[in-house]
Amino acid sequence: MSLAETFIKNAPQGISPASDEIAQALSRLEPRTQIFIDGKFVPAASGKTFDRISPINGKVIAKVAEGDAEDIDRAVKSARKAFDSGVWSDLAPAARKKTLLRFADLLAKHADELALLETIDMGKPIRFSKAVDVAMVIEHVRWYAEAIDKVYDEIAPTGPGGLGMIRREPMGVVGAVIPWNYPLLMAAWKFAPILAAGNSLVMKPAEQSPLSLLRVVELAAEAGIPAGVFNVVPGFGPTAGAALGKHMDVDAISFTGSTEVGKYFLKYSGESNMKPVSLECGGKSPNIVFADADLDQAVMASGMGVFFNSGQSCNAPTRLMIEASIKDQFLEKLKGVAANMAPDNPLNPKTAHGTILDGTQTKRIMSYIEAGQKEGAKLFAGGKQVHQASGGYYIEPTIFDNVKNSMKIAQEEIFGPVISVIAFKDANEAVQIANDTIYGLWASVWTKNIDRALTLSRKIRAGTVTINDVDGGGITLPFGGYKQSGIGRDKSLHALEKYTQMKAIYIK
Ligand code: ADP
Ligand code: MG
């Protein structure tokens, strides 16, 4: 029986501090806690560390090396050396593919361990960290590995006097800064295409969730990705993150996180070497339900879409817009979904709704719940922090009714299990409300009317519009935002555009 299987078999039922279970698991997992540069784990140049605290019991689970500008610089130098040597960048795509497939196999072999690290570090239910997060990470590595020897360059229509070639080359040294909501999956959305395209990489995980990535980079080395090609520097945003953004020898930056910090990266670029910056930032996604929709399906997806991962998803459908004539009926059903998603210990394999990331996020979410009530929205379900005695951080699935789109809880990203319900009367009004936001990451429309579905998919200004679902397409569809939700796309072959330069070659 694997480690996680043993753990799951003996998993605590219901809320419990789970300290012993966590300590026991950690002693067997032996989390990697140092900076990974040039194929080796090393301490921070400053010798400093920071505490990682589990959101399940509020206890310290690891002391992690605190990378800063000097460590970033060492990592970039190592990445540059590896890139210039050609040890990875000059390999035939098919050769990189072979190594990446070996990497994916190693990830699969260690899937339980990675899932357990993820759950202990940031509190998502173990059943999802394994079946969703880690499973998708493996799929991403395989997908880009398989893709890279199947994409062709172009010949330009120059005429008979010469030959014009348009080639895609690796960017060079790519820096990536990762959020904590899907620590491994967001990292994989970036490292899979970045490495497949032949770049060297310096990646900074979020300070709230570095443990799984530190194990993954070790597995990458074991799979044969050469030293210096894949470096991981844990540390804080304003120090390590900013140093990466401003580094003069980083050729491109890929960021996922808040809109506020996304804007910093544009500044860092302007203040340094004008590196291209791709950003995947916040969202406040409209989820528009017309009266003719399959309501049972819409109810389930509307609830799950937000309560999954405790609402800590940038594309969560948090503005639930319901055609006025069916609103009350819909909300009664939605209350049932909320009741079924009561938060519980994420180490329990039955749990579908785990913790909030930490105390800071919990306070932030609770302040939005307070703001919603102050602004006059009706608290229809949930709204309380629960299970405090466990030392962990849990908030009930929460639904606000009678929300106006101008309210704070409709305009700002809460990043918690909170749905804001807004009624609309017709398709025109729905489009107007949907677009009345600084964000444009995602939108969903529920209707059986194909004309209306297609019209709305065109009129809503968002990177993705799903019809009769709040998700879909998996890795085959690009993901990214309009407006202040970002620049550029993750997933699909289009992700490769950010990690390759276009070169024109003309032969007379
Ligand atoms: P959140 O506030 O939800 O944690 P952030 O956008 O602050 O989201 O964090 C996402 C990532 O950006 C993390 O890796 C974090 O360390 C990094 N980060 C935060 N602030 C800065 C900053 N000022 N400069 C560079 N990176 C930052
Ligand atoms: Mg922040």
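**Exposure and backbone assignments in a predicted model**

User: In this predicted model, why is Ile-155 called exposed?

Analyst: Ile-155 has a relative accessible area of 57%, and exposed means over 50%, so the residue is classed as exposed. Ile-155 belongs to strand 5 (residues 154–156).

User: What makes Ile-155, Leu-163 and Ile-507 a nonpolar surface patch?

Analyst: Patch members need over 30% relative accessible area and no salt bridge, and nonpolar side chains are joined within 5 Å. Ile-155, at 57%, is over that accessibility cut-off. Together with Leu-163 and Ile-507, Ile-155 makes a patch of about 260 Å².

User: Is Ala-252 buried or exposed, and how do you know?

Analyst: Ala-252 is buried, because its relative accessibility is 3% and buried means under 20%. Ala-252 is located in strand 10 (residues 252–256). Leaving aside residues up to four places away in sequence, Ala-252 touches Met-171, Val-173, Val-174, Gly-175, Lys-275, Pro-276 and Lys-498. The C-alpha atoms of Ala-252 and Ala-176 are 8.5 Å apart, although 76 residues separate the two in sequence.

User: What makes Lys-483 count as partly exposed?

Analyst: Lys-483 has 34% relative accessibility, which lies between the 20% and 50% limits, and therefore counts as partly exposed. Lys-483 is part of strand 22 (residues 482–483), with a positive phi near 50°.

Conventions
Residues numbered from 1 in each chain as written. Chains lettered and ligands numbered in written order. Predicted model: local features only at pLDDT ≥ 70, side-chain atom pairs only at ≥ 80, totals over all residues. Heavy atoms only, no water. Patch = residues over 30% accessible without salt bridge, like charges linked within 9 Å, V, L, I, M, F, W, Y side chains within 5 Å. Areas by Shrake-Rupley, 256 points an atom, 1.4 Å probe, with all protein chains shown as cover. Salt bridge = Lys/Arg side-chain N within 4 Å of Asp/Glu carboxyl O. Helix = DSSP H or I, 4+ residues; strand = E, 2+ residues; numbered from the N terminus. Buried < 20%, exposed > 50% of the residue type's maximum accessible area, 1.4 Å probe, protein only. Contact = heavy atoms within 4.5 Å.
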